[in-house]
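Here are some notes for a first reading of this structure. They go through the places where its parts touch, point by point.

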Amino acid sequence: MWENVKSFASEFFVTGDPLIYGADISIVLTIIGIVFGLTYFKKWGWLWREWLTTVDHKKIGIMYILSAFLMLFRGGVDALLMRAQLAMPELNLLAPDHYNQIFTTHGVIMILFMAMPFMFGLFNVVVPLQIGARDVAYPFLNALSFWLFFFGAMLFNLSFVIGGSPDSGWLAYPPYSERMFNPGVGQDFYIWGIQISGIGSLMTGINFIVTILKMRAPGMKLMKMPMFPWSVLSSCIAIIFSFPILTATLALLFLDRYLGAHFFTLDGGGNPMMYINLIWMWGHPEVYIIVLPAFGIYSEIVSTFAKKKLFGYKSMVYAMMIISILSFLVWAHHFFTMGSGADVNAFFALTTMLIAIPTGVKVFNWLFTMFRGKITFETPMLWTLGFIVCFLVGGMTGVLLSVAPADFQFHNSYFLVAHFHNTIIGGVVFGYFAGLYYWWPKLFGFKLNERIGKWAFWFWNIGFYACFMPQYVLGLMGMTRRLVTYGWDKGWWEMNLVSTIGAGLMGIAFLFQVWQIVYSVKHLQKDETGDPWNGRTLEWSIPSPAPYYNFATLPQVSSQDEWWEEKQRREREPLSLAPPKLEPIHMPKNSGIPFVMSMFWFAAGFGFVFDWLWLTISGLVGVAVCMLVHSFNYDTDYYIPVEDIKRTEAAIRG
Amino acid sequence: MTQHDMTHPHDAETQGSLKSYTIGFLFSIVLTIIPITAVLYGWAEGMTNTIVLMTAAVLQFVVQLIYFMHLREEKKPRYNLVTLILGLIILLVIVIGSMWIMLFNMVAT
Amino acid sequence: MAQLNDSGHANQHVSSSDHHDHPDMEEMRTFGFWIYLMTDVIIFGTLFAAYIVLQGNRNGGPGPEELFQMGGIIASTFILLTSSYTSGLAVLAMHKGNRQALMGWLGVTALLGATFIVLEVNEFIHLVHEGATISTSAFLSAFFTLVGTHGLHVSIGLVWMIALIIQLAKHGITPVTKRKVNVISLFWHFLDVVWIFVFTIVYLMGVR
Amino acid sequence: MKRPNALRWFASLSMLVLLLLMTTGCTESMIVLDPKGPIAEQQRDLMIISTILTSLVIVPVLILTVIIVWRYRDRTGRKAKYAPDWEHSTKLEVIWWGIPIIIITVLGLITIKGTYALEPSKPLESDKKPLTIQVTSLDWKWLFQYPEQGIATVNAVNFPEGVPIRFEITADSPMNSFWIPQLGGQMYAMSGMAMTLYLQADERGEYWGSGANFTGKEFAKMYFDVKSTSQEEFDQWVSEVKASSPALTLEGYQQLAEPAASDVKTFSAFPEGLFYMTVTKYASSHNHGLSWEDIQKIKIQE
């Protein structure tokens, strides 16, 4: 009996590596700490009522961003471990197996469990406030999306301590990811972690499309909408059409592994190339999904800190929509070397280059928004400027990569690695940081310390260039990606060392950011105005942090920069109006179903991973029961009486 | 939770009458029988066959859209139609793109 | 498949106790469901693409000509077509405010749907007896997945329809149940359209 | 207002460093830019042309960014104009839709031409008869077979200079990518199919190649030596291998295919049709390599 338990445990838990034991201990300690803290301060009820069951878009947004930061930490540690291993030739810090797992989890976590939730967090916090709505179109679904993401991410991360991590790269190319070469459970964790959170992403996409199209404040025509909701709309369009491809493709891979189907296997007539074809049909739109909202954020910030209207509004809108659709027509540039023939390669090289046109237009428009402006350099603006420079370089190398015959030389080399980090860090991460710094006061009611923020900014930037510019060179030296180590004879070590130092600087930059938050909480600078940046759009017209119903009375919109215009109107003729008449506000009720249902999904996913049929079936039955319970519940919303609104408003406005 | 984009309140339901549903039903029956007989009696070969079958299927899709899903009666702005068109474009990109890349273009020997 | 559970469900979720001041809330939910249907179109599109690309890879196993028994398939096609019509009739009855007829037609639709599923399960059992399973060849993997995913959608639609009939019995025709009926009839028409393409591309072109 | 200043310095500095790296110290080890064959040379030229073309936009824009940020920063007593409502200019917008369109058109035309010219399976123009080398990616080593010479090697490939080499590439392992940076771009090595890649070395020399697509544990050891020699030296090498090396048997191949890294090896012979067997091992269940039309033809014949 005891022997059985022991052998099960040694298979079930990941063993043998001191790094992992260390992580195990810290995870257990953290969990004990959290449980103890919650019990000691009697906060369980608070946690359940205020957070786990909430359908408030702002709280959901905060939870998304918090998870994104945790995942940024884990993905960042992965990155630092990889860079440490590559700092010098022939190092043995990480064994090949471990290294392979780390680059896989780094990629998956950074794209799917860091960038995506960070982006959804900003969607949630900002979009309803900017379009003058009291919540998203489907608040219940929104909570469900978050918890599905959260439990999907947890399932994926669980592979670190239980069963073993996936090791076949962030897109898990078969046949290497098939059972034939990869019999462990890591790959199944990958499939189900992504699958469960992917369902959440898809629902968020639907939710925000409907929110933006149907819930704008009275008078806000589409063409009077701020740029960020436009970018969210274009991103969500790409989400709803690309994520189903991911779901289907991963399902096929799963059928291969679980039921012995032959979609992508070597034997039985399977065709691994089909997977590569399908996964990139999702994979390419995916990178535009995460970068488009960043473009929206830059647009907001540039015009706020140049104190000037956004230049070329219509061009910007068209450019984003074109990018969103065009992103579906370029996928084959990820496998020019698969031998699809000159026709295919020429076509996809051309469509790829076409994307450079609308992207270039956007950069020009940002520049000319600053032109004849009055620019100040608070942290959000610094990140935006950092982005413009960085993204120009990344965009340029992107065009170089799109030249199909030249790509035969760039493909899978460090040139490519440098390029996509250049666009994803320089474009996406910088953008989300800019957005977070910009909207932080609105979220929490206080500003972040600018001085430490600037330190963080410079460390990020210098670290970034030091890390990735050498990688372009390494690519031209013939270094391919996913190498666990390399020899002295190749002459790669100087560049690798510089790159590692750069990665270290970015790690320090992250610490600065954590310190910045801690410091700002300690030395609280409350934002009394609700409009700390002299903003232009509706979210700045309400107090910080926003009350749970957002707007006591819904704004009437007549212009694209409604709040800016309103402030000028008030300057011309000081406000003498009586306070607007309040009406009861219709709000959704909290619900525990999203949390519970996502737990059941988690259980079902775990059952699939370990092939425990009883757990899978109970999980799926639980999911079905949750859905039926919810369907039969007709009591899902309530009205806030006018008295409550008055009291809340008086309390906030002081 | 209030919505404002709609200028005037109206019911979510689409209309349709017994007549339109029945016409739609008859159309779809006919459009199913044609390809079945075409295949069972071997009217056409190769490409012609494919064209006949696909035309019947697409026509039937249109019939369902118009007579059953009442797509024509949607009020402006016609977001349903726009999302449908976008969806169909992406669908065609996926299917035709896969066929083009996977079936017609192999450098291999 | 998983999307169906959630999004499909999602659109029948929240409901207001009173609606006089939010006349377009239910329409908004119907629109969300329409977008969900578009995402489902893409899922099926991916499965169709996989089927078309892999259908030639038989691994020395049987092909469509040997496997498909067109009699049953044609019967189930007409059954599904009819159920699409009856679900339309249910919506008509709803507009007339006739709850009994509405529930009756929904019941007929569900019954036809159940017959379709029984026929499909029968076909699958027959195929497995012939030795044609999901792991026989890429062609059969793609076949079972495509047809099975459609069948799964129909089955979930059935459960949903029964739940809806119970809710109609409980609450009568309200804006909420009205929207739910509209949404499920959309879903049902959609499944009919998908089946037409399955029937054409998999079966008719297969045996040809 | 020191920050924008610093930003500007920082930006120009990093560009300068990059430029220096590109032009000076590292060129020798930047082997992709130091081609030794016609394919790699044309690919290098394409890289340079596209870099110049894109720089035509990027460099002025970077300069413009610095100027605008500097000139329109907020400070007391500034002379630059402030126009908070200036938000549209058709003329300007036409210009910046236009410039990228023109550049992309030019680059697009060059790319299309290059794509057809550098199609990997297109034979190279040469008066010499191409030498066929069959390449198999194994876990985690490369097997080279010389069907005309009847010899085989592991992790080393030799061929005469100035002769077009016709690589036929397959895999008996997860998908890999065959790459000799100084001779030309990559081609995926995939099971069940044989890809064709023409390369040629114009000079004698020793280069190296690698696998560029991740295949598992010992992936980092999948390098191979590439040696281009004179025809005589090559012939001599072939006869040496024939005389002194063991033969590769079928069992030997199966042992070789076991997952492990390997040293350089040479074989005086290999089993008849080994490469074809490797390719068709899985292809019997596929239609890889057959076009859609071919399949239709076969169907009709049946």
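1. Contact, as used in these notes, means heavy atoms within 4.5 Å. By that rule, 38 residues of chain A are in contact with 21 residues of chain B. Keep in mind that this is a predicted model.

2. How much area is buried between chain A and chain B? The figure is about 2,500 Å², and carbon and sulfur atoms give 75% of that area. Several elements of chain A each supply at least two residues of the side that touches chain B: the helices α7 (186–214), α8 (227–259), α9 (272–305) and α11 (341–370), together with the strand β1 (585–588).

3. The residue classes on that side of chain A are as follows: 27 nonpolar, six polar and five charged residues. Between chain A and chain B the count of salt bridges is zero. One residue pair is in polar contact between these two chains, with both residues at pLDDT 80 or more.

4. Chain B itself is divided into domain 1, residues 1–74, and domain 2, residues 76–109. Six residues from domain 1 of chain B and eight residues from domain 2 of chain B make up the contact. The area buried between these two domains is about 560 Å², with 57% given by carbon and sulfur atoms.

5. Which classes of residue does domain 1 of chain B present to domain 2 of chain B? Its touching side has three nonpolar residues, three charged residues and no polar ones. Across this interface the rule finds zero salt bridges. The polar contacts between the two domains of chain B come to one residue pair, both at pLDDT 80 or more.

6. An unreviewed UniProt entry carries the annotation "transmembrane region" for residues 21–44, 50–69 and 81–103 of chain B. The model can be set beside two of these spans. Residues 21–44 of chain B are 83% helix and 0% strand, and their end C-alpha atoms lie 31 Å apart. Residues 50–69 of chain B are 95% helix and 0% strand, with 27 Å between the end C-alpha atoms. The annotation comes from the record, whereas the helix content of residues 21–44 and of residues 50–69 is computed from the model.

7. Chain D also has two domains, and each is built from two stretches of sequence: domain 1 is 22–72 + 88–119, and domain 2 is 131–284 + 291–301. In the contact, domain 1 of chain D takes part with 10 residues and domain 2 of chain D with 14 residues. Taken over C-alpha atoms, the centres of the two domains are 35 Å apart.

8. About 930 Å² is buried between domain 1 and domain 2 of chain D, and carbon and sulfur atoms give 58% of it. Which three residues supply more than any other three of the area that domain 1 of chain D buries against domain 2 of chain D? They are D:I31, D:K36 and D:P38, which supply 58% of that area.

9. On the side of domain 1 of chain D that touches domain 2 of chain D, six residues are nonpolar, two are polar and two are charged.

Definitions and conventions:
Residues numbered from 1 in each chain as written. Chains lettered and ligands numbered in written order. Predicted model: local features only at pLDDT ≥ 70, side-chain atom pairs only at ≥ 80, totals over all residues. Heavy atoms only, no water. Domains from an automatic or database assignment. Buried area = accessible area lost by both parts, 1.4 Å probe. Nonpolar A, V, L, I, M, F, W, Y, C, P; charged D, E, K, R; others polar. Salt bridge = Lys/Arg side-chain N within 4 Å of Asp/Glu carboxyl O. Polar contact = N/O pair within 3.5 Å; in protein donor to acceptor, adjacent residues only side chain to side chain. Helix = DSSP H or I, 4+ residues; strand = E, 2+ residues; numbered from the N terminus. UniProt positions renumbered as here; feature names shortened; annotations may be inferred.
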